Amino acid sequence: MNKETIHANCLKLRGTTYDFKEEWQADRYHIGGKMYGMMGGDATGRPVLTLKCEPNRAEELREAYEGIIPGYYMNKTHWNSVYMDADDVPFDLVENLIKHSYELVFGKLTKKAQQEIHLMEEMKYEYQ
């Protein structure tokens, strides 16, 4: 799993914004101003992708894959980190986890914020 592919996957999700947090040396992905994904490193510098996850699913994933751990430097109940160099985590699962994280965060936004994101995206496509 490489950084460029993950970056592209996140940016194709409707309304995603991106920034780089210098202090954390982390790429961050947001919807409606709320973060749903972050690429950075753990304490040893090993690259991780951190994503929001429904708590029961988060536990199941941690038990099933060595390469998935409780969210590094995040709330361990609601976030998982995936080692980007893990051999046991298939990329299609990572793609699904990115989408799951995005949908969890999007679903918690106000209806007004959700509508604004939809409108902005529609306008963007009209002008292309």
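The following questions and answers concern a predicted model of a protein chain.

Me: In what order do the helices and strands of the protein chain run from the N terminus on?
Reply: The protein chain has 4 helices and 6 strands. From the N terminus on, these elements follow the order α-β-β-β-β-α-β-β-α-α.

Me: What is the radius of gyration of the protein chain, and what does the globule rule give for 128 residues?
Reply: The C-alpha atoms of the chain fill a box of roughly 45 × 30 × 30 Å along the principal axes. The chain is as compact as a globular protein of that length, because its radius of gyration is close to the value from the globule rule for 128 residues. The two values are 15 Å for the chain and 14 Å for the rule.

Me: What percentage of the 128 residues in the protein chain is buried?
Reply: The protein chain exposes about 7,700 Å², of which carbon and sulfur atoms supply 51%. Among contacts with a separation of 6 or more, 49% join residues 24 or more positions apart. Of the 128 residues, the buried share is 40%.

Me: Within what arc do the buried residues of α1 fall, seen down its axis?
Reply: Helix α1 spans residues 3-11, and its buried residues are Ile-6, Asn-9 and Cys-10. These buried residues line one face of the helix, because seen down the axis they fall within an arc of 95°.

Me: Which elements do the buried residues of α1 pack against?
Reply: At the start of α1, a side-chain oxygen of Asn-2 comes to within 3.2 Å of the backbone nitrogen of Glu-4. Further along the helix are the buried residues Ile-6, Asn-9 and Cys-10. The buried residues of α1 pack against β1 (16-21), β2 (26-31), β3 (34-41), β4 (47-52) and α3.

Me: How far apart in space are Glu-95 and Asn-9, C-alpha to C-alpha?
Reply: Glu-95 belongs to helix α3 (residues 91-108), and its relative accessibility of 30% makes it partly exposed. Asn-9 is one of the buried residues of α1. In sequence, Glu-95 and Asn-9 are 86 residues apart, while their C-alpha separation in space is 7.3 Å.

Me: Which residue forms a salt bridge with Lys-21?
Reply: A search of the whole structure finds 6 salt bridges. The closest N and O atoms of the pair are 3.2 Å apart, and the partner of Lys-21 is Glu-23.

Me: How many residues apart are Asp-85 and Arg-46?
Reply: The side chains of Asp-85 and Arg-46 meet in a salt bridge with an N to O distance of 2.9 Å. This pair links distant parts of the chain, with Asp-85 in the loop between β6 (79-83) and α3 and Arg-46 in the loop between β3 and β4. Asp-85 is partly exposed at 41% relative accessibility, and Arg-46 is partly exposed at 32%. Their separation is 39 residues.

Me: Why are Lys-99 and Glu-103 separated by about one helical turn?
Reply: An α-helix has 3.6 residues a turn, so residues three or four places apart point the same way. The side chains of Lys-99 and Glu-103 meet in a salt bridge at 3.7 Å, N to O. Lys-99 is partly exposed at 44%, as is Glu-103 at 43% relative accessibility. They are separated by about one helical turn because their spacing in helix α3 is 4 residues.

Me: Is Arg-62 buried or exposed?
Reply: Arg-62 is placed in helix α2 (residues 55-64). Beyond residues up to four places away in sequence, Arg-62 touches residues including Ile-68, Pro-70, Thr-77 and Trp-79. With a cut-off of under 20% relative accessible area, its 16% makes Arg-62 buried.

Me: What is the phi of Tyr-73?
Reply: Tyr-73 lies in the loop between β5 (68-70) and β6, and it is exposed at 67% relative accessibility. Although Tyr-73 is not a glycine, its phi is positive, at about 60°.

Me: Which loop holds Gln-25?
Reply: Gln-25 is a residue other than glycine with a positive phi, near 55°. At 47% relative accessibility, Gln-25 is partly exposed. Its place is the loop between β1 and β2.

Terms used. Residues numbered from 1 in each chain as written. Predicted model: local features only at pLDDT ≥ 70, side-chain atom pairs only at ≥ 80, totals over all residues. Heavy atoms only, no water. Helix = DSSP H or I, 4+ residues; strand = E, 2+ residues; numbered from the N terminus. Buried < 20%, exposed > 50% of the residue type's maximum accessible area, 1.4 Å probe, protein only. Arc of directions from axis to C-beta. Contact = heavy atoms within 4.5 Å. Polar contact = N/O pair within 3.5 Å; in protein donor to acceptor, adjacent residues only side chain to side chain. Rg over C-alpha atoms; globule rule 2.2 N^0.38 Å. Areas by Shrake-Rupley, 256 points an atom, 1.4 Å probe, with all protein chains shown as cover. Salt bridge = Lys/Arg side-chain N within 4 Å of Asp/Glu carboxyl O.
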